[in-house]
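Please consult the sequence and the model while reading.

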Amino acid sequence: MSLDHKAILKAYPECASVDDGTGAIKANGTKIELVQSAIDAARATLDDEAAAIAYQGQRKAEYPSIEDQLDDIYHNGIDAWKATIKVTKDKYPKP
């Protein structure tokens, strides 16, 4: 049995540890009775949170380096730089 550790920790804040063999355990050693619907809801929340910030990493990977951006500003001006950056912002919009 493979448990969704992150979703369990999200659904059960009192959980101190999660083990695929023994389940979820509180800090005092008592076992937590897991409810799949609570885990599923927590997984959906985690997925929504990840999707809400995914654009940041995607943009960062595509933006030119700071050096190249400064060079672009120096040689082509702020408006040209804004146009360059806007392409990436449009490709990966904020949700």
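How many bridges join strand S2 to S3? Two bridges join strand S2 (residues 23-26) to S3, and the two strands run antiparallel. The model is predicted, so to speak of local features requires pLDDT of at least 70 and side-chain atom pairs count only at pLDDT 80 or more, while totals for chains, interfaces and linings use all residues. Residues are numbered from 1 along each chain as its sequence is written, and side-chain values use heavy atoms, with hydrogens and water left out.

**The sheet.** Strands (E, at least two residues) and helices (H or I, at least four) are DSSP runs, numbered from the N terminus. Two strands pair if DSSP finds at least two bridges between them. Three strands form an open antiparallel sheet in the order S1-S2-S3. S1 and S3 (31-32) are the edge strands, each pairing on one side only. Ala-24 has Ile-32 in S3 as its bridge partner.

**The core.** The largest nonpolar core has 11 residues, among them Ala-7, Ala-24, Ile-32 and Ile-39. Such a core is a set of buried Ala, Val, Leu, Ile, Met, Phe, Trp, Tyr and Cys residues joined through side-chain atoms within 4.5 Å; buried means under 20% relative accessible area, with a 1.4 Å probe and protein chains only.

H2 provides the largest share, three residues.

**Contacts.** Contact means heavy atoms within 4.5 Å. Not counting residues up to four places away in sequence, Ala-7 touches Ile-39, Ala-42, Arg-43 and Leu-46. Thr-88 lies in helix H3 (residues 66-91) and counts as buried because its relative accessibility is 5%.

How values were computed
Buried means under 20% relative accessible area, exposed over 50%, partly exposed in between (1.4 Å probe, protein chains only).
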